[in-house]
Amino acid sequence: MGPGNPGTARWGTNVPLQADSPEAVVSLARREGVDLVVVGPEAPLVAGVADALAQVDIPCFGPVAAAARIEGSKAFAKEVMDEAGVPTAAFRVFTDAAEAEKYAVAQGRIVVKADGLAAGKGVIVAPDAQAARDAVRAVAAMGQAGQRMVLEELLEGEEVSLMALCDGERYVLLPLSQDHKRVGEGDTGPNTGGMGAYCPAPFLTPEALAKVGEQVIAPTLAVLKKRGTPLRGVLYAGLMLTASGPKVLEFNARFGDPETQVLMMQVDEDLLPLLDACARGALEPRPLKQFPGASVGVVLAAEGYPEAPRKGQRIEGLDAVPSNAPVFLAGVAKQDGALVTAGGRVLTVCARGDSLATARERALAAADAVRFEGRHFRRDIGARGLRARS
């Protein structure tokens, strides 16, 4: 695994690697005789890692750069959605910040998005004209990512995540999950990369979920294939369940955290053969085997996250976490033999239960056991799912 962290080191060998360097990834894969490369982050995909692997006939679960643009450029994603007839929010694209600001203020309630990659922080929801002005200025200050921006209508409803394993044409749906983007409880504060998730989310019946696959995943894959850039990997649709039906907020081209952790805990089969089949264009569409009950993941974040997270705080209490509550390390490093914080989202504590309520209780109890200076997390992860079930 490259570059890895102290968590991945427990399960394999970490290798120093510049992950967004196609040449470095190809060199490592050749040296180790790798049969399949699974790309996690978005930056290596946009940089062309999958393209470089294809040139040397090494299968890769992850799309080529031209297909990864569906995440790397919000404007490109909207263009694909238009061509595919995928339901989405009304929008306009701007390259002039002054024009964008004028339009945003006139609209009042609006969503402002950086066109490029912004580590999950390039989306600002503006409820009024002043917030809209501030949002445009904030996105414009994001450097290259914000040189072009997408302004779209503010949709209302439940926001959920649907991921599909894709081989460029066919797909297999993963269970529906719900992320919690705002840093504070009750969905308050700025957007983050995600403060926690649960799965399955109870807002779509199996029939409705299948219909979203037919109306969103299938036509998007068809357009990308027609353009000569089939997407082999994950197509992640961020959906808003509006009164007029599901609409796509954004696409990602890879597994998204923290939803992936709870998804993996719900899947009752080995995913490796499916990932390999996707990479080789030989996926057989079928329902996934799933565990009953639900899984919940709670993100423990560093002090100051998402604006300016503190690093270097010693992490304690991991040995007190029950064995049935796995901990996924993220922004963590080793320093003088101890684990310390090394990023904004430090780790995710997960738990599964025969009900969403039980899974939440277990995850929160385990989160309480982990300590580091300035840590904060949301205690309402999954609460909306509980209300929907009541």
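Strands here are DSSP E runs of at least two residues, helices are H or I runs of at least four, and both are numbered from the N terminus; two strands pair if DSSP finds at least two bridges between them.

A word on the source. This is a predicted model, in which local features need pLDDT of at least 70 and side-chain atom pairs count only at pLDDT 80 or more, while totals for chains, interfaces and linings use all residues. Residues are numbered from 1 along each chain as its sequence is written, and side-chain values use heavy atoms, with hydrogens and water left out.

Within the sheet, E4 (residues 110–114) and E6 (residues 149–152) pair in the antiparallel sense over four bridges. Val-111 has Glu-152 of E6 as its bridge partner.

Axes are lines fitted to C-alpha atoms, for helices over the stretch in contact, and angles run from 0 to 180 degrees between N-to-C directions.

How do H4 and H5 cross? The axes of H4 (residues 65–72) and H5 (residues 74–84) come within 6 Å and cross at roughly 105°. The two helices are therefore roughly perpendicular to each other, a term for angles of 65 to 115 degrees. Contact, meaning heavy atoms within 4.5 Å, involves residues including Ile-70 of H4 and Phe-76 of H5.

Elsewhere, strands E10 (residues 182–184) and E11 (residues 188–191) pair in the antiparallel sense over two bridges. Gly-184 is partnered by Thr-188 in E11. The hairpin has three residues between the strands, and Gly-186 takes a positive phi near 75°.

Finally, the second largest pocket has a volume of about 390 Å³. A pocket is an open set of points on a 1 Å grid over the protein atoms alone, where a 1.4 Å probe fits, with protein on both sides within 12 Å along at least five of seven lines; lining residues have an atom within 4 Å of a point. Volume is the space filled by probe spheres set on the points. Of its 18 lining residues, Leu-173, Leu-174, Pro-206, Leu-209 and Gln-290 are the closest to the centre. Strand E8 (171–173) and helix H8 (206–226) each give two or more residues to this lining.

Technical notes: Parallel < 35°, antiparallel > 145°, perpendicular 65-115°, else oblique.
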